Structures are given as C-alpha cells and as structure tokens.
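User: I'm new to this one and would like to learn how to read it. Could you walk me through it?

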Amino acid sequence: MTAETKIKETITSNDVVLFMKGTKSMPQCGFSSRVAGVLNFMGVEFADVNVLADDEIRQGIKDFSDWPTIPQLYVKGEFVGGCDIITEMTLSGELDTLFADQGVTFDKDAAEKIREANA
C-alpha cells in the first residue's frame, strides 16, 4: 500500500485526523502539542498519526496536502490547516463553526475557556 493510499484511507475512515509528530497523549513537538492540546481540551475524538514512525507518511502527507509542515488537521476528509491556522480558527470561533457544520462533537464551554484565556 502506498503512502497516498494509507493517507486517503485514514482521512476517509475518521471524521477528524491529526498528522503529527508523536501521539495525542505524547506529542513530540511544540506545534503538534498545541493542536493536540486544543483538540483534547475541546473533547474532540480524533485519530492521531505519528509521522515520526513512518518516513513515507511523513513526506507523503506533505505531498498529499501540498502543505510543507506538520501538524496537519483533516476534518471529514478535508485539509483544514497547520498549527497557526488551527490556533487562529480556535481563537476566532471558526473551528467551533467548522466542527458544528460537520457534525463533529466538541465541548463548546471548553472552546470558550480557550478564548477567554487568550483574550
């Protein structure tokens, strides 16, 4: 199975997927930690893919999305963005809207707490 096939299968079989360095319980870079932390705090169920465990996936996801950095968040098969974009979307409320529109369960109160803490 090619890296592209694995990636497509992963993003179509999970509502929310984070390609990251490390895992959601043990991130191995600050950017991955930030995005995983937001998702975990908001109570979002997501699949984590540790790109450090597979060099083909590590490069393959960059080619697949045409995005040069990790982490990368996918919601319902669509690329959403990396750390900076997810941070901005969280603080603006856009991430809440995306999750709500896509039927992804999340804790709205937790999302508000993130915004309050960063106001």
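User: What radius of gyration would a compact globule with 119 residues have, and what does the chain have?

Analyst: The radius of gyration is taken over C-alpha atoms, and the globule rule is 2.2 Å times the number of residues to the power 0.38. With 119 residues that rule puts a compact globule near 14 Å, and the chain has 14 Å, which agrees. A caution: this is a predicted model, where local features need pLDDT of at least 70, side-chain atom pairs count only at pLDDT 80 or more, and totals for chains, interfaces and linings use all residues. Residues are numbered from 1 along each chain as its sequence is written, and side-chain values use heavy atoms, leaving out hydrogens and water.

User: How many helices and strands are there?

Analyst: Helices (H or I, at least four residues) and strands (E, at least two) are DSSP runs, numbered from the N terminus. Here you get six helices and four strands, in the order α-β-α-β-α-β-β-α-α-α.

User: At what angle do H1 and H3 cross?

Analyst: Axes are lines fitted to C-alpha atoms, for helices over the stretch in contact, and angles run from 0 to 180 degrees between N-to-C directions. H1 (residues 3-13) and H3 (residues 55-65) cross at roughly 75°, their axes coming within 9 Å. Since 65 to 115 degrees counts as roughly perpendicular, H1 and H3 are therefore roughly perpendicular to each other.

User: Which residues of H1 and H3 meet?

Analyst: Contact means heavy atoms within 4.5 Å. Ala3, Glu4, Lys6, Ile7, Lys8 and Ile11 of H1 meet Glu56, Ile57, Gly60, Ile61 and Phe64 of H3.

User: How much of the chain is buried?

Analyst: Buried means under 20% relative accessible area, with a 1.4 Å probe and protein chains only. Buried residues make up 40% of the 119.

Methods
Parallel < 35°, antiparallel > 145°, perpendicular 65-115°, else oblique. Buried < 20%, exposed > 50% of the residue type's maximum accessible area, 1.4 Å probe, protein only.
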